[in-house]
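Dear colleague,

I am handing over the structure below, and after it you will find my notes on what was found. Please read them with the coordinates open beside you.

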Amino acid sequence: MVDSTLPMLGRLLGAVLIVGGPALWGGCDTVPAPDRDQRRPSVANLQITPDSVHESDLSEGEIVDSLAQVTVDLSARATDPDGTVARVAFLFEPSSNPRGTLSGTLSELSEEGRYGGRLELSIPLRDEIYTLRVFAVDDDSLSGNQVTGQFRFVPSDTSEAGGNALRMQMHRRPDDL
């Protein structure tokens, strides 16, 4: 009985594949290739105010637990030649710990494509240069160039008191813990 069942199942499976196979494979839809002519958004004219702060310029109330409370305004112009800018994002990275970044998005300030925001920072009282990176993403989810700028904090002395990371709105990577 087993000897006659296997050849019969084989013939049945073969018939299904011969008749149904082309119908199954022929019925697949294809996904169109993305339009290669799409243009990416562009960011320019980054402004950081102030671009540096010296500890001696701060009042006693602006120093809390060995951290300087600093406000930084930033703005940039973002455009998309073939669509709409969906968002303008920034990264604020300390040079001593590039993984300790502060990130967020900038608000649209004008119809002319100016985006900006105010960062309320708590930064360690040490000589540190922070890199600010700004880029745009358009309505096609394409990102364009990035512009970079720098912000520097200069302590009154070189003791480098304080912590080693930003405290406000910190986004750490899992492997950083």
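I begin with Ile123, which is buried, with a relative accessible area of 0%, and which has its place in strand S7. Please keep in mind throughout that this is a predicted model. The C-alpha atoms of Ile123 and Gln69 are 6.8 Å apart in space, although the two residues are 54 residues apart in sequence.

**Overall make-up**

The chain has 177 residues, of which 31% count as buried, and it holds 1 helix and 10 strands. Read from the N terminus on, the order of the elements is α-β-β-β-β-β-β-β-β-β-β.

**The nonpolar core**

Which residues touch the most other members of the largest nonpolar core? This core has 28 residues, and those that touch the most other members are Val88, Phe92, Leu119, Ile123, Val134, Phe151 and Phe153. The elements that give two or more residues to the core are strands S1 (42–49), S4 (67–79), S5 (85–94), S6 (101–108), S7 (114–124), S8 (128–138) and S9 (143–154). Of these, S4 gives the most, with 6 residues.

**Aromatic pairs**

The structure holds 3 aromatic pairs. One of them is formed by Phe92 and Tyr130, which are stacked at 5.0 Å centre to centre, with 10 degrees between the planes. This pair links distant parts of the chain, since Phe92 lies in strand S5 and Tyr130 in strand S8, 38 residues apart. Phe92 and Tyr130 are both buried.

Tyr130 also pairs with Phe151: the centres of these two rings are 6.2 Å apart and their planes stand at 40 degrees, so the pair is tilted. Because Tyr130 lies in strand S8 and Phe151 in strand S9, this pair ties together parts that are 21 residues apart in sequence. Tyr130 has a relative accessibility of 1% and therefore counts as buried, and Phe151, also at 1% relative accessibility, counts as buried too. Taken together, Phe92, Tyr130 and Phe151 form one aromatic cluster.

**Salt bridges**

In one of them, Arg118 pairs with Asp73, and the closest N and O atoms are 2.7 Å apart. Arg118 is in strand S7 and Asp73 is in strand S4, so that this pair links distant parts of the chain, 45 residues apart. How exposed are the two partners? Arg118 counts as exposed at 55% relative accessibility, whereas Asp73, with a relative accessible area of 28%, is partly exposed.

In the other, the side chains of Arg133 and Glu93 meet at 2.8 Å, N to O. This pair likewise links distant parts of the chain, with Arg133 in strand S8 and Glu93 in strand S5, 40 residues apart. Arg133 counts as partly exposed at 25% relative accessibility. Glu93, by contrast, has a relative accessibility of 13% and counts as buried, because buried means under 20%.

With kind regards

Conventions: Residues numbered from 1 in each chain as written. Predicted model: local features only at pLDDT ≥ 70, side-chain atom pairs only at ≥ 80, totals over all residues. Heavy atoms only, no water. Core = buried A, V, L, I, M, F, W, Y, C linked by side-chain atoms within 4.5 Å. Buried < 20%, exposed > 50% of the residue type's maximum accessible area, 1.4 Å probe, protein only. Helix = DSSP H or I, 4+ residues; strand = E, 2+ residues; numbered from the N terminus. Phe/Tyr/Trp six-rings, centres within 6.5 Å; stacked < 30°, edge-to-face > 60°. Salt bridge = Lys/Arg side-chain N within 4 Å of Asp/Glu carboxyl O.
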